[in-house]
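The sequence and structure come first.

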Amino acid sequence: MSTDRAGFPGSCDISDTCDELGIPAVRTGLLRPVWPGPPVLGPVSTLTLSAEIGGDPLADVLSALGAMPPGGVALIDLGGRVDLQCWGGRTTAAARHAGLVGALVNGAVRDSGELRGLEFPTFARGTFPARAKGRLGFRGVGHDVRLGGEVVRNGSAVVADDDGLVFFPYDTLPDVLSRARDMASS
């Protein structure tokens, strides 16, 4: 078993454990680390944005981030688009202030140097330099997110690291972690 720098099993071990226990999981390598940082583990809270000329989603996004449970991971859905961005330095600072442990962006980010400087684990499909104002609209929180043809549900658990992301039912987290650790010691 590979135990990562955060002290929990990595995505490969979590994936194998879900297979062994018959736990449904969504696995993807579509989102990659924006900078080489630590892995993340936690409950997922989803936030959905869409292309909308004239919108300014920042206030709604900041409010939604502030309402997410500390220790959680924000999954921001821009439908996989990389010709727009929906995450940067201000949203990262707000997420950190709210006690979140990472961001997963189904789309593009900006300010990657700032994200690295803030040492906030961020995974995305790519980067794009333009601001969100005038390009995006806020659609809400708690919506399912489609990643690579599979559906990730709000409230799932996630492990994200250099090898990919594994989403699985949050109520199975203690069993999955325990079994992954047991597999390592045998």
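Asp83 has a relative accessible area of 39% and is therefore partly exposed. The model is predicted. Asp83 pairs with Arg81 in a salt bridge, with 2.8 Å between the closest N and O atoms. The structure holds five salt bridges, and it also holds one cavity of 30 Å³ or more.

**Salt bridges**

- Side chains of opposite charge can pair when their charged atoms come close.
- Arg81, the partner of Asp83, is partly exposed because its relative accessibility is 34%.
- Asp19 and Arg27 form another salt bridge, in which the closest N and O atoms lie 2.7 Å apart.
- Asp19 has 53% relative accessibility, so it counts as exposed.
- Arg27, at 32% relative accessibility, falls in the partly exposed class.
- A salt bridge also joins the side chains of Arg110 and Asp111, at 3.3 Å from N to O.
- Arg110 is partly exposed at 26% relative accessibility, and Asp111 is partly exposed with a relative accessible area of 30%.

**Cavity**

- The largest cavity has a volume of about 30 Å³.
- Its lining includes Pro33, Trp35, Gly37 and Pro38, and Pro121, Thr122 and Phe123 line the largest cavity as well.
- By class, five of the lining residues are nonpolar and two are polar.
- The lining of the largest cavity has no charged residues.

Terms used: Residues are numbered from 1 along each chain as its sequence is written. This is a predicted model: local features need pLDDT of at least 70, side-chain atom pairs count only at pLDDT 80 or more; totals for chains, interfaces and linings use all residues. Side-chain values use heavy atoms; hydrogens and water are left out. On a 1 Å grid over the protein atoms alone, a cavity is a set of points where a 1.4 Å probe fits but cannot get out, and a pocket is an open set with protein on both sides within 12 Å along at least five of seven lines; lining residues have an atom within 4 Å of a point. Grid points are joined across faces, edges and corners, and a volume is the space filled by probe spheres set on the points. Ala, Val, Leu, Ile, Met, Phe, Trp, Tyr, Cys and Pro count as nonpolar, Asp, Glu, Lys and Arg as charged, and the others, Gly among them, as polar. A salt bridge is a side-chain nitrogen of Lys or Arg within 4 Å of a carboxyl oxygen of Asp or Glu. Buried means under 20% relative accessible area, exposed over 50%, partly exposed in between (1.4 Å probe, protein chains only).
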